[in-house]
Amino acid sequence: MSLDQGDYSPLKHFVLAKKRISDVFEQLLAYVQESAQFVEDTCKDASLEQVSSREQLEQIQAYTSKLSIIKDVLARRHMKVAFFGRTSNGKSTVINAMLCVCVHRTSNGKSTVINAMLRDRVLPSGIGHTTNCFLSVEGTDQDKAYLTTEGSEDEQSIKTVNQLAHALHMDESLDAGCLVRVFWPKSKCALLRDDLVLVDSPGTDVTTQLDSWIDKFCLDADVFVLVANSESTLMNTEKHFFHKVNERLSKPNIFILNNRWDASASEPEYMDEVRKQHTDRCVSFLCEELKVVDCDQAPNRIFFVSAKEVLNSRMQRAQGMPETGGALAEGFQERLKEFQCFERRFEETISQSAVKTKFEQHTHRAQQITANVKAVMDAINITAADKRVVSLEDREYLIDRLEFVRNQLNLLIEEIKKRIKAITEQVQQQVSNAMAEEICRLSSLVDEFQSDFHPSPHVLKMYKGELFRHIEEGMGKNLAFRCSDAVNTSMQSSQKDMMDLLQPLLPPAVQSELHTLVPSRRFNLSYELNCAALCADFQEDISFHFSLGWTALVTRFLGPTHAKHALMLVDNSLQVARPMATTPSVPCLVQQQEAAMSQEELMLTMVNNLASVTSRTSMSVLVVGGVVWRTVGWRLIALSMSMYGLLYLYERLTWTSRAQQRALKRQFVDFASEKLHMMVSLTSSNCSHQVQQEMATTFARLCQQVDVTQKQLEGEINTLTHKITQLESVQNHSKTLRHKASELEGQLESFTSQYLRPHQP
């Protein structure tokens, strides 16, 4: 529909498509940036073990740069129509709209065509080379018109066409290959409101630099308008130009306007014949030479118009005057309708073509980028899912392993405690038996001791010290010989059993180093007899004692304990019997009382013993003694006394240092045996405690390794749990981004279906 027939223009199709695709690219750019940040985060997280790769990150980051460029390009996109032809063919009178290129020779009215389409005299037109360079006309939101020249950003204000023409002709630096951009207020021209740029060219007959023109101004044109002079046929220069365009562009959209058709009104009898001739030549040019359209579509691209009439008519209407006012040739309404038909076909074609040429490639690129990013998200999701499954299995295995280690350790603790207890009891029994045997042969050990002996106190003290050391070293060696090897073998066997039991609970790396972490060493018991302290109160008696003396007889008769009390009582009695000159003091009374008590005890003992003797042998002794006395007499008594004296003399003479040494050793054996018997239980308990402590220390070291293993397992489980959580987050995020990609694919497909695919009638 043309602008004369309503407010709606097919050019809106391009505007809406541009807004739609720009919104999609805005979302796509944000999506790709979010995806790039997500992939970068996963790449940097070492705990995720390369869920995403550096190549994927670089790929998406490259998409970000490309989309930013495309987004900026889309913002600058507009429809472009280029007008070509010979000068003064009325091309400027037609255009002023989308980026289309008008091509014609000079004097064919290109500028007039542009002005007619813009409904105002925007571009200078007239006889001669009015357009001496490329002019682009596009809309501006400002209220005033201005122009800019190539290589300068200075805005030159223009108010009238004459000012524009003057500015173009006065600038000597402008040649046919320069571009002057004319910005016309959108408020004054509805056609320029829809992102349309019109390009007016110098005539194709004013230069031979066609290749540079095409490269510089035509490659992005959506529509080419060839403004021909209906008073003549198509020229070779015009055809040559479009042949070159056709070589650079694939099937360009070309319209042919046979301008100045109002001249045919003067010869109406030849009008149809001339129209047919022009049409056939144009159809042949489009279909056979250029091959840009089919023969049945070519007539829809050929129009016979009078741009000057349309421009004058529209300007009169804009001023409130009748459209048909003034001198108009016959058939004006038909030519006006054909011009309006051209405008409608032109707008439909350029809108659809611009959408396709400006957006189709970018849409396909966006679909590829979306599909590739979606594939990356799928790959990350699959990789994260696989790693999550592996991590779940690993965590489940570690949890089972930890539970097994804990349960097995509790069972082994009880079992090993029983083993340690059994070993300690065994060691205690072994040490007790060995020590009892060593006490029994203590006399042999004492006899083995040889050292200088003298009864003097100093020498005697040194002798006893050396004897104590000899006994302690000798008994220690003997006990070690009897017990240590067996105990050490038993302990090493038990330690090996403990290691074998706990080894399955440790990781393989620790199992291979277990003998280094818990080294096997020989264990030696420390018996700690400490004979010096044990026999510190030993008091030897190496003074001479006659075997038949009073003390010896009393000891034999009363026993050692009672004999001692009896002898003390006798000594005290002798002291009491002495006359005292003074009154006894209180301490003396105490001593007398004690002596009286001791005397009573002694008397009771003597009475008991005498009664016992009397009751058994007293009568026999008296009878025998009386018989002997009567039979033998004093001679026997004398002989007995002589023998008693000789025996005393013999014993006194044989009481030498050696005899004293033997007496000391004998007394020490008796004393030490009694003391050592008291130490048997303590020593054996001490040895068993040493064994228990050694075994417990070894077991504690092994348990420490197991504890380290448990902590490692717990740490690995926590690490895997955190990793699983991260992988779940990665999965969810990748799924979210994948869904966004699907939504964008839907939007791109919808855009393609609505704007890029041809609609079936």
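Predicted model: local features only at pLDDT ≥ 70, side-chain atom pairs only at ≥ 80, totals over all residues.
## Confidence

The protein chain has an average pLDDT of 78, and 78% of the residues score at least 70. Among its elements, the highest mean pLDDT, 92, belongs to strand β11 (residues 302-304), and the lowest, 43, to strand β2 (residues 91-92).

## Packing of α2 and α9

Two packed helices are described by the angle between their axes and the distance between the axes. For helix α2 (residues 54-76) and helix α9 (residues 332-440), the angle is about 155 degrees and the axes are 11 Å apart. Angles over 145 degrees count as roughly antiparallel, so α2 and α9 are roughly antiparallel to each other. The crossing of α2 past α9 is left-handed.

On the α2 side, the residues in contact include Ile60, Tyr63, Leu67, Ile70 and Leu74. Those they meet in α9 include Phe359, Ile369, Val373, Val376 and Ile380. The residues of this contact comprise 13 nonpolar, 4 polar and 3 charged.

## Aromatic pairs

The whole structure contains 17 aromatic pairs. One of them, Phe224 with Phe242, is edge-to-face, with 6.2 Å from centre to centre and 85 degrees between the planes. Phe224 belongs to strand β9 (residues 223-229) and Phe242 to helix α6 (residues 236-248), so this pair ties together parts that are 18 residues apart in sequence.

Technical notes: Residues numbered from 1 in each chain as written. Heavy atoms only, no water. pLDDT = per-residue confidence, 0-100. Helix = DSSP H or I, 4+ residues; strand = E, 2+ residues; numbered from the N terminus. Axes fitted to C-alpha atoms, helices over the stretch in contact; angles between N-to-C directions. Parallel < 35°, antiparallel > 145°, perpendicular 65-115°, else oblique. Left-handed = near helix turned anticlockwise from the far one by under 90°. Contact = heavy atoms within 4.5 Å. Nonpolar A, V, L, I, M, F, W, Y, C, P; charged D, E, K, R; others polar. Phe/Tyr/Trp six-rings, centres within 6.5 Å; stacked < 30°, edge-to-face > 60°.
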